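These are my notebook entries on what I looked up in the structure, written down in the order in which I went through it.

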Amino acid sequence: MDINWHDLFIVGNPLILGSQIAILLSVIGIVALLTYLKRWKWLWREWLTTVDHKKIGIMYILAGVLMFFRGGVDGLMMKAQTSRPEMNFLDAQHYNEVFTTHGVIMILFAAMPLLIGIMNYVIPLQIGARDVAFPQLNALSFWLFFSGAMLFNISFVIGGSPDAGWAAYFPLAGKEFTPGIGNNYYAVAIQIAGIGTLISGINFIVTILKMRAKGMTLMKMPMFTWTSFIASVIIVSAFPIFTVALALMTLDRIFGTHFFTLSGGGMDMMWVNLFWLWGHPEVYIVVLPAFGMFSEVIATFSRKMLFGYKSMVFSVVGIALLSMLVWVHHFFTMGAGPAVNSVFSITTMMIAIPTGVKMFNWLFTMRKGRIEFSTAMLWALAFIPCFLIGGITGVMLAMSAADYQYHNTLFLVAHFHYTLIPGVVFAVFAGLYYWWPKMFGHMLNEKLGKIHFWLFTIGFNVTFMPMFFLGLDGAVRRSYTYSAESGFAPLFLVSAIGAVILALGFATFCYNIYWSARYADRNISNDPWNARTLEWATASPAPFYNFAKVPEVKTLDAFWYMKKHNEGLTLSDDEIKEIHMPSNSGLPFYMGIIFGITGFLLVFEWKLAALVAAVGIIIGLIIRSFDYNDGFHVTVDEIKETEKSWRSSDGKGVKNHVG
Amino acid sequence: MSANVNTALPLEYQTEQNRLNILGFWVFLGAEIILFGTLFAVYSVLNARFAGGPTPKDLFEIKDVMIETILLLTSSFTCGLAIYEMRRNNKNGLLLWLIITLLLGAGFVFMEVNEFIHYVHEGATMQTSAWLSSFFTLLGTHGLHVSMGIGWATMVIIQIFQRGLTPVTARKTFIIGLYWHFLDVVWIFIFTFVYLQGMVR
């Protein structure tokens, strides 16, 4: 309760003041625009209360793109500060805050929602389902994620940002050394978003296990479904560890317990272990669905079946198992001793084996294929060499004795950016260019897409390649400045220039979204890429019931088989039956808000008020328990009408298989 | 989500949505195992770090712990009887055993809260030492789960009164049964690794 009211709003820094004004103006702008266009009811009915996996997916993607922007601005600020020696753009405290929020936001609030968003949109369509297993829980997942993300994002204007790094190591992150409330935001906001992610994981496991179309056995599932399934299994096995770790952090910081403190018998290294017991699997949670996207894109644009499907599946499962056994490699310097470090060195290097299998499978898929250089395919092609650099430097870091040299340098920072940017960001771009027509009924402009691609990949390499050499020369990470005598200046400047090119690439992407939404051709078929999997068998954008008649699956690449054998592509009127769909609900949105309020009060350590707000959560649960709404039926006539609108155009003027 | 009713199966498994919910709950229990597993791991790291404060031998009173254990284990048995009566389509039997289960559960929570109050009066709080922090967190998480379970089952009982035994109420009862047995298993681990181990060290 010892919060001073005049500390509530962070004042005195021109950068933050600018952001406060910008936030205020955008909120006023959005409210005014919605009122002017009379879109409030539409917003509530179509989006805020929706339980449709496709709309939830789009909201996830939108939130992810916004958060990518925020995290990107943080990155640019760091690059500006280190562009010259002894710069005075950010002070040390501000720099600490910026690299902390950059890390948390990019991993948890940008990469995760972008991937879960695409999973949400695509997976039910790929397996021939009408929705996920628990549509309302799916909406709850989204609103909890969104609530956590917003709570985390307001920290820099209200109360102060967390500043102990994205891994928030104790004892630094404890009350003793970080007395403000900034780190409470870390503990509480991520917790709320994490509950949402855990629920998503459960939802996808059940959806994929139980709701596949007739005939789609596990080994006939598309690769993206497979990798997302395994990622969901990792979510369910790893996120509860983080739930506990964050809860203990909250107890330490707000309730004075001694889990990770130096006094009272606590053990600070236990935090590091718990964090990375979740943190390393988390890397694979984000990278596995991305691998799946590359698999789909490469198979489609090579016009070939994915090479080595079975070995792909086994390597994904292998990666998942190994991902749980490597966490100590994040802190070889803890001093666990040569025996422990050797074990974790070996398990870490073993991960290179299944990953290598996947690399060769992608290369062999392309071999003798008729490769089409669409923007989506370009991302997949650039991914392979870039990710390889990330992977091989990873094996270098895995040697625990050598790691004592690399530890805490920019070499490591360059390494994980070389895995996460090609491995996740390239994949998300590939996936968005590839599935955009399915989501919105128009393509993203390919020409702008290629500009985006070249700016982004060149910018990425120019930014992060110098950091390997800076790191080898001894430049440490998380240091807000360096001296001119260090000789780091030229490479830091190159890196900063690269970051600007990278940002221009992202700006091109945003412009592409705008341009394509306004001007792109709407007259495309349901299958513009001549693709292979079931999501392309229905209209673009997919109707809210997904499939009028769920196709029967006979082989892998089911839609390709249907096209080649001309089976199941048409729909006669007597095949149409009523479809049962779930009703919208405002409850998930309410839960997001009440969780956000409770979290906010807890951040400020107003415990009693937080407890009162938590009663609101219980009330939400009780309302849900008594909710017997059983959904509604879509009439045959409505389905006929919708299906006719995209099937009967007899191909006139429709752009089929654009490329 | 479609009807897809199969009346050959037990009531709680008859509709497709019910089957999805039950599988989903099993997966959730998997996540709960990881959650409690982590708490046990934390406890095992901190269980000898008393920081000059009280030790298990100073605090634990085995008689009270035995009563708690018997209450909770019996409630698991009566919960099994409740599901058995549900399978026999005996609504009143189900309600009777379910209410007895909850009363035993409430008795357990009452005893545990008293135990905690007693410790706090002896000067053993969450803030005293790392061991006590992990002790109260592990047991508190379990106790909170039991309390949530009591509240949740009460909602289900009201719904059975309102609607009788339907596939939906049967599924809800079945799922809370799974939850209840799970908490019982967790308690067995707590009894072994917290109380027994604490007394024999």
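What covers the buried residues of helix 17 of chain A? I looked this up in the model, which is a predicted one, and I found that the cover includes helix 2 (40-48), helix 5 (135-153), helix 6 and helix 18 (607-625) of chain A.

**Entry on helix 17 of chain A.** I noted that helix 17 is mostly covered, with 12 of its 17 residues buried, and that among these buried residues are Leu587(A), Pro588(A), Phe589(A), Gly596(A) and Val603(A). I then checked its length: at 1.5 Å a residue, the 17 residues of helix 17 (residues 587-603) should span 24 Å, and because the end C-alpha atoms are 24 Å apart, the two values agree. Following the chain just past the end of helix 17, I came to Glu605(A), which takes a positive phi of about 60°.

**Entry on Thr197(A).** Is Thr197(A) buried or exposed? The relative accessible area of Thr197(A) is 10%, and buried means under 20%, so I wrote Thr197(A) down as buried. Leaving out residues up to four places away in sequence, I found that Thr197(A) touches Met112(A), Ile116(A), Ile235(A) and Phe239(A).

**Entry on chain B.** I counted six helices and zero strands in chain B, and its C-alpha atoms fill a box of roughly 60 × 30 × 25 Å along the principal axes. Of the 201 residues in chain B, 53% are buried. When I took the contacts in chain B between residues at least 6 apart in sequence, 78% of them joined residues at least 24 apart.

**Entry on where the chains meet.** How many residues of chain B are in contact with chain A? I found 37 residues of chain B in contact with 40 residues of chain A, and the area buried between the two chains is about 3,100 Å², of which carbon and sulfur atoms give 76%. Across this interface the rule finds zero salt bridges, while 10 residue pairs, both at pLDDT 80 or more, are in polar contact. The elements that give two or more residues to chain B's side are helix 1 (16-46), helix 5 (130-163) and helix 6 (167-200) of chain B, and helix 1 gives the most, with 17 residues. Sorting the residues of chain B's side by type, I noted 19 nonpolar, 13 polar and five charged.

Methods:
Residues numbered from 1 in each chain as written. Chains lettered and ligands numbered in written order. Predicted model: local features only at pLDDT ≥ 70, side-chain atom pairs only at ≥ 80, totals over all residues. Heavy atoms only, no water. Contact = heavy atoms within 4.5 Å. Buried area = accessible area lost by both parts, 1.4 Å probe. Salt bridge = Lys/Arg side-chain N within 4 Å of Asp/Glu carboxyl O. Polar contact = N/O pair within 3.5 Å; in protein donor to acceptor, adjacent residues only side chain to side chain. Helix = DSSP H or I, 4+ residues; strand = E, 2+ residues; numbered from the N terminus. Nonpolar A, V, L, I, M, F, W, Y, C, P; charged D, E, K, R; others polar. Buried < 20%, exposed > 50% of the residue type's maximum accessible area, 1.4 Å probe, protein only. Expected span 1.5 Å × (residues − 1).
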